[in-house]
Amino acid sequence: MELFYFMVFGALSALVAALELSKNSKDRINTSPAFNSFKNNYLVVYSLMMAGDWLQGPYVYYLYSTYGFGKGDIGQLFIAGFGSSMLFGTIVGSLADKQGRKRACITYCITYILSCITKHSPEYRILMIGRVLGGIATSLLFSAFESWLVAEHNKRGFEQQWLSLTFSKAIFLGNGLIAILSGLFGNLLVDSLSLGPVAPFDAAACFLAIGMAIIFSSWTENFGDPSENKDLLTQFRGAAIAIASGRVQYFTLNSMH
């Protein structure tokens, strides 16, 4: 069965690569060497960050169950992670703008590595701390990196249309190819090599550490517009209003059907 998966996904990857390479000159956008170097650097980092995230997902529940926790305890751990992401997701964007997007990306790496380390402990409180850290990291992953990319792209004076190239490649790699490869690699570590359910988390920490080293050495810092910074209370109030208005629109649309 594993050989079947490798063959199928390998064939699909080859097909996608062939379609990409078969594009003629009319389909391609001419860019500069400086932009290509910038784009490739970001894609490498983003792929490593997403690998660190995708490797963990399939084995979180399995790990908790091997530690002897029931559905109720595991459910509370997952709720803590989602709640942490919801809570901190309302402020991480503003904090990244104030403190620096590069610093926020490094914080993501450190936070997620610490979360991976907690998976070695069967203690419920330690695992709960890990879930909270994981929630914070998730909020940073889907805000800080894209914010840094857009600001740095504009700061370097690249063409605006080139930004879509980086985003499209990042989606293909980070949310497509890397997700598949991470699943296969995690299965290789746990089942084929019998390294245990913690192995994917250790591998994730390694990928995150490599990505963090690249960020340290090659990324420059950028900040948000100081005139748009708001205090935390204002941000929470705006988030509450957005959630409430979304619920009103939801019930209004449902009542019309």
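Which exposed residues does the face of α4 turned away from its buried side carry? The points below take this up, together with S115 and the annotated spans.

1. The model is predicted. In it, helix α4 covers residues 71–89. At 1.5 Å a residue, its 19 residues should span 27 Å, and the end C-alpha atoms are 26 Å apart, which agrees.

2. The buried residues of α4 include I74, L77, A80, G81 and S84. Viewed down the helix axis, the buried residues of α4 fall within an arc of 110 degrees, so they line one face. An α-helix has 3.6 residues a turn, so residues three or four places apart point the same way.

3. The face of α4 turned away from that buried side carries K71, I79, F82 and M86, which are exposed. On the buried side, the cover includes α3 (60–66) and α7 (124–141).

4. S115 belongs to helix α6, residues 101–118. With a relative accessible area of 1%, S115 counts as buried, the cut-off being under 20%.

5. Leaving aside residues up to four places away in sequence, S115 touches G130, L133 and G134. S115 and G130 are 15 residues apart in sequence, yet their C-alpha atoms are 4.3 Å apart in space.

6. An unreviewed UniProt entry places the feature "transmembrane region" at residues 6–22, 43–62, 74–96, 128–150, 170–189 and 201–219. In the model, residues 128–150 are 91% helix and 0% strand, with end C-alpha atoms 34 Å apart. Residues 170–189 are 100% helix and 0% strand, and their end C-alpha atoms lie 25 Å apart.

Methods. Residues are numbered from 1 along each chain as its sequence is written. This is a predicted model: local features need pLDDT of at least 70, side-chain atom pairs count only at pLDDT 80 or more; totals for chains, interfaces and linings use all residues. Side-chain values use heavy atoms; hydrogens and water are left out. Helices (H or I, at least four residues) and strands (E, at least two) are DSSP runs, numbered from the N terminus. Buried means under 20% relative accessible area, exposed over 50%, partly exposed in between (1.4 Å probe, protein chains only). Contact means heavy atoms within 4.5 Å. UniProt positions are given in the numbering used here, feature names are shortened, and annotations may be inferred rather than shown by experiment. The expected span of a helix is 1.5 Å times one less than its number of residues. The arc is that of the directions from the helix axis to the C-beta atoms.
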